[in-house]
Amino acid sequence: MTAAEAAVAEAFRQEWGKIVASLIRMTGNWDLAEECAQEAFAAALTKWASDGVPDRPGAWLTTTARNRALDRLRRSKTEAVKLQEVAALSAPDEPAAWGDSGVQDDRLRLMFTCCHPALTLEARVALTLRTLAGLTTAEIARAFLVPEATMAKRLTRAKHKIRDARIPYRVPPAHLLPERTTGVLAVLYLLFNEGYSASAGGDLMRPDLTGEAIRLSRLLAGLMPDEPETTGLLALMLLQDARSAARLDGQGELVSLEDQDRTRWDQAKIAEGIELLEAALRRQRAGPYQLQAAIAACHAEAPRPADTDWAQIALLYGELGKFGRSAVVELNRAVAVAMAEGPEAGLALVDELAADDGLSGYYLLPATRADLLRRLDRRAEAAASYRAALKLAPTEPERRYLTKRLSQVSG
Amino acid sequence: MTRYLLLMCGDETAEQIAPHPLADDETEEPCWMPWAREMEARGVLLVEGAQLQPTSTATSVRNTGDEMLVADGPFAETKEQILGYDVIECTDLDEAIYAASRHPVALAGGVVEVRPVLASV
């Protein structure tokens, strides 16, 4: 890679979202914004190679993209509305809007618009990856295992809905902000989880998706520093991602938390995650992401599995359950109780959950039950539960892990 | 300003979802009046609106080119029916969603479909 190519690649990571967000605000036209941003980066590749990299690459790209937008709008000024757009783009008071704070606000606007509840969840995720992170339609399609044409249609449909139903391009007003922020965080966490434990296919992890999710969460936490849950989500992602190198063994098999080589955990990410979490908790407005990050921190801080503060984890899951009863949270609490008080106590909680219809089809329920029975040396029952879990496990490595456990209790 | 059609949907046999718009006692105001006042105060323009007669009065008409088909009943037999409509004008979808969420049909457990009107004013 030449110096110019490296500079363009770096500028793309830093500036793409900002440029698209600003152009959308100024033109109201999502396709135009994306195309002009793309053209600006293409122009940079040739121009920077011959003339050298400009002192402020972001400003160069922004100006180039904006001039492309102006040109395009002027050329198609048959429609009165386009003329208005040209007027708006070339308004004399406008340079102020290109200042740092204005540009940052634009990205926040873009994030809230992409995650508007009037769009489907799939569209929210795809639109965020396309417009904010700059992934191509082909890349997003690959990440979600759908044909490129399907993904292109999904993106086009979402952009048309934003335009035609007039979804506002703004950070929501105060009375809508808490709910909408929760929605944005949910999209980012879904993105992270899709990368961290893929819901389908042969790969257990997709580091490209976890990387984008962390990058966007970092951006959001920076733009909304007073909202502890945004910081909590970033902390949670970092603490989970810190374990990624130890989650799979040499053969690509899933390694349980207990068996992971903790020297392979990324201590820099753990330190940053804990620091962020502590900053968030100091605001004394706990929420689900901060609590989950606190649980992840309990694991991260234990040098050996035996050092884990399971009583504290059980307590944190109890707190988490107060933000909305979830069978998954209850199952995790049962595991923590089993570790703190013994397998029988955990098994009693798991069996209560098994009576609940909401969890049928969730492979971790029989898998957890099997693990607890194995610890109690009730091997035949454990084997039956491993078999039940195998039928429900979504990915190959998870199935292989369960098969290995099954052979241990059947042998 | 964008124009939206609010389509009120719900089970027309459920008394609380399909209230009669005009109270028996003429001195009492219709149930949608507080909504209309709230919308007016927010700057949402109420263009027009009405509650519909039940689907037992509906007629569906098709023209295949060769013949005209007339049938008794609504276009789709579903558990939920169209109970009425309002046409509003407001700034954006968030405002239209708010208007829908405050409508008596939504408050009574019905669903309000929000559709932008093509070529809005």
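Helices here are DSSP runs of H or I with at least four residues, and strands are runs of E with at least two, numbered from the N terminus. The model is predicted.

**Stop 1: chain B**

Select chain B. What pattern does chain B follow along the sequence? The order is β-α-β-β-β-β-α-α-β. That comes to three helices and six strands. Colour by burial next: of the 121 residues of chain B, 23% count as buried. Then look at contacts between residues at least 6 apart in sequence: in chain B, 73% of them join residues at least 24 apart.

**Stop 2: I88(B)**

Select I88(B), in strand 5 (residues 81–90) of chain B. Is I88(B) buried or exposed? I88(B) counts as buried, because it has 24 C-beta neighbours inside 10 Å, and the cut-off for buried is 20 or more.

**Stop 3: where the chains touch**

Show both chains. How many residues of chain B are in contact with chain A? Five are, and they meet seven residues of chain A. The chain B side has two nonpolar, one polar and two charged residues.

**Stop 4: helices 13 and 14 of chain A**

Move to chain A. Select helix 13 (residues 267–281) and helix 14 (residues 288–300) of chain A. Their axes are 10 Å apart and the packing angle is about 140 degrees. Helix 13 of chain A is therefore oblique to helix 14 of chain A; roughly antiparallel would need an angle over 145. The crossing is left-handed. Show side chains for the contact: helix 13 of chain A brings I270(A), G273(A), I274(A), L277(A), A280(A) and L281(A). Helix 14 of chain A brings Q290(A), A293(A), A294(A), A297(A) and A300(A). By class, that contact has nine nonpolar, two polar and no charged residues.

**Stop 5: A235(A)**

Stay in this area and select A235(A), in helix 11 (residues 228–241) of chain A. A235(A) counts as buried because 30 C-beta neighbours lie inside 10 Å. Which residues does A235(A) contact, leaving aside neighbours within four places in sequence? They are G273(A), L276(A), L277(A), A280(A) and A293(A).

**Stop 6: helices 17 and 18 of chain A**

Select helix 17 (residues 343–354) of chain A and helix 18 of chain A. The angle is about 155 degrees, with the axes 10 Å apart. That makes the pair roughly antiparallel. Helix 17 of chain A passes helix 18 of chain A in a left-handed crossing. P343(A), G346(A), L347(A), V350(A), L353(A) and A354(A) in helix 17 meet L365(A), T368(A), R369(A), L372(A) and R375(A) in helix 18 of chain A. Those residues divide into seven nonpolar, two polar and two charged.

**Stop 7: helix 20 of chain A**

Finish with helix 20 (residues 396–410) of chain A. Its 15 residues reach 21 Å from first C-alpha to last, close to the 21 Å expected. The buried residues are P397(A), E398(A), Y401(A), L402(A), R405(A), L406(A) and V409(A). What covers them includes helix 18 (364–375) and helix 19 (379–392) of chain A.

How values were computed: Residues are numbered from 1 along each chain as its sequence is written. Chains are lettered from A and ligands numbered from 1 in the order in which they are written. This is a predicted model: local features need pLDDT of at least 70, side-chain atom pairs count only at pLDDT 80 or more; totals for chains, interfaces and linings use all residues. The expected span of a helix is 1.5 Å times one less than its number of residues. A residue is buried if 20 or more other C-beta atoms lie within 10 Å of its own, exposed if 12 or fewer, and partly exposed in between; C-beta atoms are placed from the backbone. Two residues are in contact if their C-beta atoms, placed from the backbone, lie within 7 Å. Ala, Val, Leu, Ile, Met, Phe, Trp, Tyr, Cys and Pro count as nonpolar, Asp, Glu, Lys and Arg as charged, and the others, Gly among them, as polar. Axes are lines fitted to C-alpha atoms, for helices over the stretch in contact, and angles run from 0 to 180 degrees between N-to-C directions. Angles under 35 degrees count as roughly parallel, over 145 as roughly antiparallel, 65 to 115 as roughly perpendicular and the rest as oblique. A crossing is left-handed if the near helix is turned anticlockwise from the far one by less than a right angle, and right-handed if clockwise.
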